[in-house]
Amino acid sequence: MAVWEVFRQEREGAPFQHGGSLEAPDLAFAEAYAKEFYGRRAESLALWVVPRDSVLEIDEPYVAPVFDRDYRRVDGYSIKVKLKEARERAGTPAH
Amino acid sequence: MSAQAPPRTELLLQLADDELVLGWRDSEWTGIAPFLEEDVAFSSIAQTEIGHARAFYELAAAELDTTADELAFDRRPEEYRCAPLVELNLVHDWAKSVARRWLYETADAIRVDSLKASDWPELAGLAAKIEREEAYHALHAGMWHDRLTRSTARERFATAVDELWPYALGLVEGDQRRILCEAAGREDVPAVERGAHVEDWPALWEEMTMVRRTVPGGSW
Amino acid sequence: MAPRTEQEFKKHVQAGGQVETNDWMPDEYRAKLIKFIEMHGNSELMGVLPEREWILRAPTLQRKLALTAKVQDEVGHAQLIYRVVEDLGKPREQSLEDLIAGKSKFHNVFHYPTKTWGDVGVIAWLVDAAAIISQKALLKCSYAPYARIMKKICWEESFHILHGRDVVLALVTGTEEQRELVQEALDRWWAPLMMFHGNPIPAEDDPMVEWRIKSQANEDARQQFLDGYVPQIWELGLTEPDPELRKDEQTGVWHYTEPDYTELKHVVTGHGPRTAERLELRRISREETAWVRDVVLADAA
């Protein structure tokens, strides 16, 4: 039997999160079983059922940067000093 | 709770007893179904059937001045109105159990559909609610029917359906039988009628009432 | 960096690090995980059988529904757990074969008979309470896929305890005869319950703790169980068959008569009062439905 991955949404607007997997011979069975496993206590609003073979898993989703790429991160923007100076020039109080 | 129940209550008891006893029979697979995913699915179906039985009993209980539990458990075995189809002990035979589910759902859809037009508003409303849950049962029965019919086990499944067909006809009456023949794509044959009970029934009744009978009128 | 040596790996898990299915892991860790998780799956599956007998005998519609749903949950847990084992490399069918052949174990409590409706209440209330204590500790398991399913399992188990307690409450507020059903069941289940969390092996000697598969010492689990549930038992006017049972208010530690751990070993190695019968039921039902799995598998291939 094939393995199917089930993703579930708990609330409207919430992201779909992986719920678990199940075994079923085809889509019709997978649908019925997914409902049983992730919906029988009305704990899910919607489900995605995906054959495991169709999920591409990527272990290293980034290439370790060789050159500095701080412009992609929060710490690349240290505004504290500049902000202080700008406020002083404008004569507005810090808060 | 007597043979003199008014006709509309009589009908309710038939419906309730069918759902109750089939639910009880289907629950026998809990824990020993062919594989785990199916075990969970089959158990849910047993639970919804019993839920439907309870709803029908509650409606009947209001008419008969009793309770759903008393109707479900405290009658003598011969007082139950269920069709012989649901009484059969099929727990060791998956082909027959699935064939029964498929036949039952096919017949029940016809019956529930007609109940929606009942001039008893509570019953019509209940039928509409039940129909929504039965849609899932029908989906489940259909997927097994299709799978087994297309499989190397098709003979086994066909034999099971043949054997149970006269029992399935006994679920409905009159014109509904003709509709059932069309829906199932089968010929009309002499039905195994409601009224008599099959030999598997007394043992099931014994078991389903055994705890309750130890303290008559007790609460559990 | 992901650990690449056994030493690095141990450091990683002991520091609270988690492991995913496709991460590198030492063979010993994988083997221990499979053994431990498989036993959990077996226990869920075998735990179905003692209660299953009462599904047909439930005395009200409400009890029938609740008990069926509880047993259904357990089958569902077995499915979730065997899936984790399968992804670690041992197919479910193999786990089931090994279970039936007596090559793998399941929890001691599921080797005992259920004799009355009182057992249904006591099992759902107290056996499930004991189990949820172990399972909650597994939320911190180093193997992340197992820890994740434990969330769902613990959530569902909490319903079982409610159902069990409700059954017990109905009986203790019923007739004398009904109350006696609970007391008699509790008397029988007490010894197996006291053994449930296993020998009081110190955490530092427990290889499952070393790999942080488990993070709770057996005795800690038992103490937590006693602390949580003995007062609830007493509150209902019920008693345990252990004259030594008492809490040292100074230290907060419960004292009790040492359980018979030879019996525990004997039982879990396949010699419990109902072991053979229940494995035989599993074997027969698997045999009777083998054709269904064949059909479904063959067609799915």
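**Figure 1. Interface of chain A and chain B.** Between them, chain A and chain B bury about 1,200 Å², with 69% of this on carbon and sulfur atoms; buried area is the accessible area (1.4 Å probe) that two parts lose on being put together, summed over both. The structure is a predicted model, in which local features need pLDDT of at least 70 and side-chain atom pairs count only at pLDDT 80 or more, while totals for chains, interfaces and linings use all residues. Residues are numbered from 1 along each chain as its sequence is written, chains are lettered from A and ligands numbered from 1 in the order in which they are written, and side-chain values use heavy atoms, with hydrogens and water left out. The contact (heavy atoms within 4.5 Å) takes 13 residues from chain A and 12 residues from chain B.

Figure 2. D26(A) forms a salt bridge with R147(B), and their closest N and O atoms are 2.5 Å apart. Strand 2 (17-24) and helix 1 (27-39) of chain A each supply at least two residues of the side that touches chain B; helices (H or I, at least four residues) and strands (E, at least two) are DSSP runs, numbered from the N terminus. Helix 1 of chain A gives the most to that side, with 7 residues.

**Figure 3. Interface of chain C and chain B.** About 4,000 Å² is buried between chain C and chain B, and carbon and sulfur atoms give 64% of that area. L56(C), L61(C) and W291(C) supply 20% of the area that chain C buries against chain B, more than any other three residues. From chain C the contact takes 45 residues, and from chain B 46 residues.

Figure 4. Between chain C and chain B the count is 2 salt bridges. E37(B) forms a salt bridge with R92(C), the closest N and O atoms lying 2.8 Å apart. The residue pairs in polar contact between chain C and chain B (both at pLDDT 80 or more) number 19. Helices of chain C that each supply at least two residues of the side touching chain B include helix 2 (27-55), helix 6 (144-172) and helix 11 (275-300). Helix 3 of chain C gives the most to that side, with 14 residues.

Figure 5. G47(C) lies in helix 2 of chain C. With a relative accessible area of 3%, G47(C) is buried (under 20% relative accessible area is buried, over 50% exposed, in between partly exposed; 1.4 Å probe, protein chains only). Leaving aside neighbours within four places in sequence, G47(C) is in contact with E74(C) and F110(C). The C-alpha atoms of G47(C) and V13(C), 34 residues apart along the chain, are separated by 31 Å.

Note on methods:
A salt bridge is a side-chain nitrogen of Lys or Arg within 4 Å of a carboxyl oxygen of Asp or Glu. A polar contact is a pair of N or O atoms within 3.5 Å; within protein, one must be able to donate a hydrogen and the other to accept it, and residues adjacent in sequence count only if both atoms are side-chain atoms.
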